Amino acid sequence: LCLRDKLSVYSTLVESLTAQQKLEEALTTGFQVLAVLGQRFPTRFLSYQVDDDYNKTKKMLRGYADDDLVSLPTLEDENVIVVARLMMNLAHVAFFLQKPE
């Protein structure tokens, strides 16, 4: 299988595990796939790190109007699209796994 096919299979597996309420397994599987692709994520997030990343992103986008962002070229790399979709799915899973403070 080519990389895109493998990514699609793993993405479907994560979605299936999520639908079966096997959230921890879905998250672990997804992070393992992303690690193989060189996308590493911390196992714990601290609020100040999230705030810092938010502020960095906000600073990078300063000066751009909505129309500037909307007029950017459409992403066409299928591998990047599948990885982004997987990351989005993992964000949903992580949200539901978070423990109330």
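The model is predicted, so local features need pLDDT of at least 70 and side-chain atom pairs count only at pLDDT 80 or more, while totals for chains, interfaces and linings use all residues. Residues are numbered from 1 along each chain as its sequence is written, and side-chain values use heavy atoms, with hydrogens and water left out.

Leu 7, Ser 11, Val 14 and Leu 17 are the buried residues of helix 1, buried meaning under 20% relative accessible area. Seen down the helix axis, these buried residues fall within an arc of 125 degrees, so they line one face of helix 1; the arc is that of the directions from the axis to the C-beta atoms. The cover over them includes helix 2 and helix 5.

## Extent of helix 1

Helix 1 covers residues 3–19, 17 residues in total. Helices here are DSSP runs (H or I, at least four residues), numbered from the N terminus. From first C-alpha to last, helix 1 reaches 24 Å, close to the 24 Å expected at 1.5 Å a residue; the expected span is 1.5 Å times one less than the number of residues. Just after helix 1, Gln 21 takes a positive phi of about 65 degrees.

## Ser 11 and Asn 89

Ser 11, in helix 1, is buried with a relative accessible area of 6%. Not counting residues up to four places away in sequence, Ser 11 touches Leu 86 and Asn 89, contact meaning heavy atoms within 4.5 Å.

Asn 89 belongs to helix 5 and counts as buried at 16% relative accessibility. Leaving aside neighbours within four places in sequence, Asn 89 is in contact with Ser 11 and Glu 15.

## Packing of helix 2 on helix 5

The axes of helix 2 (residues 23–36) and helix 5 (residues 78–97) come within 9 Å and cross at roughly 145 degrees. Axes are lines fitted to C-alpha atoms over the stretch in contact, and angles run from 0 to 180 degrees between N-to-C directions. The crossing is left-handed, that is, the near helix is turned anticlockwise from the far one by less than a right angle.

Helix 2 contributes Leu 23, Glu 24, Ala 26, Leu 27, Gly 30, Phe 31, Val 33 and Leu 34, which meet Val 83, Leu 86, Met 87, Leu 90, Val 93, Ala 94, Phe 96 and Leu 97 of helix 5. By class, this contact has 14 nonpolar, 1 polar and 1 charged residues. Ala, Val, Leu, Ile, Met, Phe, Trp, Tyr, Cys and Pro count as nonpolar, Asp, Glu, Lys and Arg as charged, and the others, Gly among them, as polar.

Notes. Helices (H or I, at least four residues) and strands (E, at least two) are DSSP runs, numbered from the N terminus. Buried means under 20% relative accessible area, exposed over 50%, partly exposed in between (1.4 Å probe, protein chains only).
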